[in-house]
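Please read the following report alongside the sequence and the three-dimensional model.

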Amino acid sequence: MSACRHATHPPPAQVRADREAARELPAAARAVATPYALEPPDETERRTRVERLKRLLGERIVLLDGAMGTMIQGHKLDERGFRGERLREHGRDLRGNNDILTLTRPQIITDIHRAYLAAGADIIETNTFNSNAISQADYATGALVPELNYRAARLARAAADEFAQRAGEARFVAGALGPTNRMSSMSPDVNDPGHRSVSFDELVAAYLEAARGLLLGGVDLLLIETVFDTLNAKAAIYAAFTLFDETGITLPLALSGTITDASGRLLSGQTTEAFWNSIRHAQPLFVGLNCALGGRQLRPYVEELAAAADTYVCAYPNAGLPNAFGEYDEGPAETADILREYGESGLVNVVGGCCGTTPEHIRLLHAGLQGRAPRRLAAVPVKCRLAGLEPLNIDDDSLFVNVGERTNVTGSAKFRKLIEAGDYGAALEVARQQVVSGAQVIDVNMDEGMLDSQAAMVRFLNLVAAEPDIARVPVMIDSSKWSVIEAGLKCVQGKPLDQPEGGRAGVPRARPHAAPPRGGGGGHGLRRARSGR
């Protein structure tokens with residue numbers, strides 16, 4: 001197991017096998033939720049802390065904590081150590097489920113929080129990277145998700161408040177929302193690229209349950225982190241806004257993507273700027289990059305993000321790259337030197353550590369960043385910012401946009417016949433030729449009386465996502481049926497356009513759209529890009 005902030009994910013085939021095995025467990029062998037008392041957080045105090053954090057980000061570089069998983073692994077817990085007394089008779093192995101320690105070994109988690117706070121961290125993250133129903137299904141502990149999030153938030157809150165009182169300066173708690181172990185924009189089956197192992201709606205439900213526990217437990221912000229699939233992140237954003245609507249309490253959001261290799265892309269294929277364009281509607285307090293790479297390898301992508309973002313920027317890389325044994329050899333002094341240069345270059349407002357980092361990394365980073373000015377926010381040029389796997393930015397100098405219309409059943413008899421015949425492979429070739437011929441956006445319309453328009457839209461967009469040479473450009477989701485537009489938006493990880501009421505390309509009704517609306521009505525849109533943005 002690599003020394004990571006979170007537990008390593010098993011291979012997809014093993015995940016599916018474990019999940020099927022979990023379903024076959026007798027009910028008595030699964031974890032059962034037990035009643036627990038809720039202590040409502042003081043909303044006045046929380047608002048005061050949030051306002052202080054916002055000011056602090058403009059005053060100095062703010063320190064995030066380091067790896068949770070690395071510290072847990074140092075305890076060398078066996079199966080019994082993970083189970084504790086509470087889950088002694090649980091029907092599945094729990095070793096490696098770091099989040100369960102919040103309930104079975106809370107003192108370990110508290111001590112880790114305290115170690116990072118003592119090292120100088122301003123923000124600590126809750127031990128909830130995998131505390132969602134999708135990830136916990138592998139351990140048959142899904143019923144414990146609300147309590148996992150609530151109690152993790154309470155543990156972090158108590159530690160932060162203890163150090164704040166001692167130092168006379170606020171300490172903050174970020175509620176961690178990890179990526180889950182499934183992808184909503186890619187298929188786990190190479191033989192069926194249109195298949196999805198999880199839907200947008202399932203992700204929203206899982207994130208909503210997790211975020212509710214974090215909010216009730218007293219976190220100051222929600223951190224949607226280690227994003228390797230932007231559609232998953234958009235589901236988390238949607239869930240957060242839904243929670244804010246339900247409770248009347250709004251917390252700042254922060255997002256951090258993961259560049260997986262030297263290609264400079266997320267695992268789902270997006271570039272750094274395309275990722276930013278796709279989640280900018282969330283208006284995050286800060287946006288950043290973490291995990292997968294060390295500070296040296298991550299730097300050009302942090303620089304790219306800092307140039308594009310009109311909000312604060314965060315970076316918390318690994319302690320270098322893992323060695324052949326999955327361990328991290330980059331020492332605290334080296335990591336601190338690398339990240340000090342980030343500060344000297346004015347790239348960041350928030351820094352911390354991911355896999356392989358420890359309180360000593362954070363202590364030296366804290367010392368090295370003393371007196372360094374944070375990155376200054378600057379106005380970015382006003383553009384319409386869209387994205388497929390790559391960004392498309394439209395401004396006064398690029399108002400002519402070439403929209404490919406041959407993937408429209410109302411405008412192309414050839415395409416209509418292919419869709420009616422179920423020949424999606426040939427239909428994809430139509431889309432590919434549009435992009436090869438210079439289309440900067442592809443218009444997709446499935447409004448035909450003999451078609452199940454919604455099913456056809458979903459199937460086609462899922463297949464497009466598996467074709468990088470098509471998916472690199474944004475999509476215009478075109479339909480006279482709002483249900484079809486909404487279903488299409490739930491398939492697209494980028495920043496698409498929607499074209500309602502059967503409007504034609506080039507007509508101003510085409511609108512940038514980041515995600516489906518909450519509440520079902522067009523007047524309740526989820527952070528739709530503002531005019532001119």
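## Overall make-up

Of the 533 residues of the protein, 58% count as buried, where buried means under 20% relative accessible area, exposed means over 50% and partly exposed lies in between, with a 1.4 Å probe and protein chains only. The model is a predicted one, in which local features need pLDDT of at least 70 and side-chain atom pairs count only at pLDDT 80 or more, while totals for chains, interfaces and linings use all residues. Residues are numbered from 1 along each chain as its sequence is written, and side-chain values use heavy atoms, with hydrogens and water left out.

The secondary structure comes to 19 helices and 15 strands; these are DSSP runs numbered from the N terminus, helices being H or I of at least four residues and strands being E of at least two. Among the contacts in the protein with a separation of 6 or more, 76% are accounted for by residues 24 or more positions apart, a contact being heavy atoms within 4.5 Å.

## The eight-stranded sheet

Eight strands form an open sheet with parallel pairing, in the order β1-β8-β7-β6-β5-β4-β3-β2; two strands pair if DSSP finds at least two bridges between them. The edges are taken by β1 (62-63) and β2 (123-125), each of which has a single partner strand, so one side of each is left without a neighbour in the sheet. Helix α8 (residues 145-167) packs on this sheet, where it touches β2 and β3 (172-177), and its direction makes about 160° with that of β3; such angles run from 0 to 180 degrees between N-to-C directions, with axes fitted as lines to C-alpha atoms, for helices over the stretch in contact.

Within the sheet, strand β4 (residues 221-227) runs parallel to strand β5 (residues 253-257) and is joined to it by four bridges. Leu223 stands opposite Ala254 of β5.

## Strands β13 and β14

Strand β13 (residues 475-479) and β14 also run parallel and are joined by four bridges, with Asp478 having Gln499 in β14 as its bridge partner. From strand β14 (residues 497-500), Leu497 and Gln499 point one way and Asp498 and Pro500 the other way, and all are buried.

## Helices α13 and α14

The axes of helix α13 (residues 332-344) and helix α14 (residues 359-368) come within 8 Å and cross at roughly 40°. That makes α13 oblique to α14, since angles under 35 degrees count as roughly parallel, over 145 as roughly antiparallel, 65 to 115 as roughly perpendicular and the rest as oblique. The contact is made by Pro332, Ala333, Thr335, Ala336, Leu339 and Arg340 of α13 together with Glu360, His361, Leu364, Leu365 and Gly368 of α14.

In α14, Pro359, His361, Ile362, Leu365 and Gly368 are buried. What covers the buried residues of α14 includes β1, α3 (68-73), α6 (106-119), α13 and β8 (350-351).

## Cysteines

The structure holds zero disulfides, a disulfide being a pair of cysteine sulfur atoms within 2.5 Å. Cys354 is in no disulfide, and the nearest cysteine sulfur, that of Cys291, is 3.9 Å away. Cys354 is buried, with a relative accessible area of 0%, and Cys314 likewise counts as buried, at 1% relative accessibility.

## Contacts across the sequence

Which residues does Gly58 touch, not counting residues up to four places away in sequence? Gly58, found in helix α2 (residues 43-59), touches Tyr312, Pro374 and Arg376. Gly58 and Arg376 are 318 residues apart along the chain, yet their C-alpha atoms are separated by 7.3 Å. At 24% relative accessibility, Gly58 counts as partly exposed.

Ala471 has its place in helix α18 (residues 468-471) and is buried, with a relative accessible area of 11%. Leaving aside neighbours within four places in sequence, Ala471 is in contact with Gly388, Leu389, Val464 and Ala465. Ala471 and Gly388 are 83 residues apart in sequence and 5.7 Å apart in space, C-alpha to C-alpha.

Ala140 is not a glycine, although it has a positive phi of about 55°. Ala140 lies in the loop between α7 (133-136) and α8 and is buried, with a relative accessible area of 8%.

Gln283 has a phi near 50°, again a positive value in a residue other than glycine. Gln283 is placed in the loop between α11 (272-279) and β6 (286-294), and is partly exposed, with a relative accessible area of 48%.
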